[in-house]
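Reader: I am new to this structure. Please walk me through how to read it.

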Amino acid sequence: MNIRIGQGYDVHAFGDGDHVMLGGVCVPHERGVLAHSDGDVVLHALCDAMLGALALGDIGVHFPPSDPQWRGADSRALVRHCDRLIRARGWRVGNADVTVVCERPKVGPHAPAMRERIAEDLGVDIDAISVKATTSEKLGFTGRSEGIAAMAVCLLVRA
């Protein structure tokens with residue numbers, strides 16, 4: 001096969017703070033997230049999608065929260081690491097599509113910058129990266145503004 005598809009999902013509860021990291025972008029918000037790293041749900045879901053496409057486990061296997069070196073880590077470094085792993089096996093990202101699920105913060109105004117950073121980290125054209133958002137219509141933990149989630153789908157192609 002010359003293509004592989006992976007999907008990823010990540011969630012973090014809101015906690016103290018004044019911003020959230022989304023797609024490598026610092027987005028002002030009245031809350032932060034509870035996380036071992038920077039808690040970037042966009043990049044964590046993307047990492048899981050990339051790893052899953054090649055059956056390489058998940059983000060917790062490669063960057064365990066029990067390992068102090070990942071405390072407060074910049075999730076862009078995690079994405080670049082996952083990219084090196086897949087490239088070492090003869091693959092590259094063909095495209096990726098990420099959906100953020102939250103009531104707030106508003107993601108749309110920041111999506112272009114997120115797409116730019118992700119494309120840069122993966123060495124792909126910006127038109128290969130999609131970042132969008134939806135609400136959960138005030139249902140569930142995201143609807144009650146208790147946390148934020150992201151889903152990602154990634155297509156890998158032979159390099």
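**Pocket, sheet and backbone**

Author: The lining of the largest pocket divides into eight nonpolar, five polar and two charged residues. Here Ala, Val, Leu, Ile, Met, Phe, Trp, Tyr, Cys and Pro count as nonpolar, Asp, Glu, Lys and Arg as charged, and the others, Gly among them, as polar. This is a predicted model: local features need pLDDT of at least 70, side-chain atom pairs count only at pLDDT 80 or more, and totals for chains, interfaces and linings use all residues. Residues are numbered from 1 along each chain as its sequence is written, and side-chain values use heavy atoms, with hydrogens and water left out.

Reader: What is the volume of the largest pocket?

Author: First, the term. On a 1 Å grid over the protein atoms alone, a pocket is an open set of points where a 1.4 Å probe fits, with protein on both sides within 12 Å along at least five of seven lines; lining residues have an atom within 4 Å of a point. Points are joined across faces, edges and corners, and the volume is the space filled by probe spheres set on them. Here that volume is about 220 Å³. Of the 15 lining residues, Ser37, His44, Ile59, Phe63 and Pro65 are the closest to the centre.

Reader: Which element gives the most to that lining?

Author: Elements are DSSP runs, numbered from the N terminus: helices (H or I, at least four residues) and strands (E, at least two). S1 gives the most, with three residues. Helix H1 (41-53) and helix H2 (59-62) each supply at least two.

Reader: How do I read the sheet?

Author: Strands of a sheet pair through backbone hydrogen bonds, either parallel or antiparallel. Two strands pair if DSSP finds at least two bridges between them. This open sheet has five strands, ordered S4-S1-S7-S5-S6, with mixed pairing. S4 (32-33) and S6 (129-134) are the edge strands, each pairing on one side only. S1 (residues 3-15) and S7 (residues 147-158) are antiparallel, over 11 bridges. Ile5 has Leu155 in S7 as its bridge partner.
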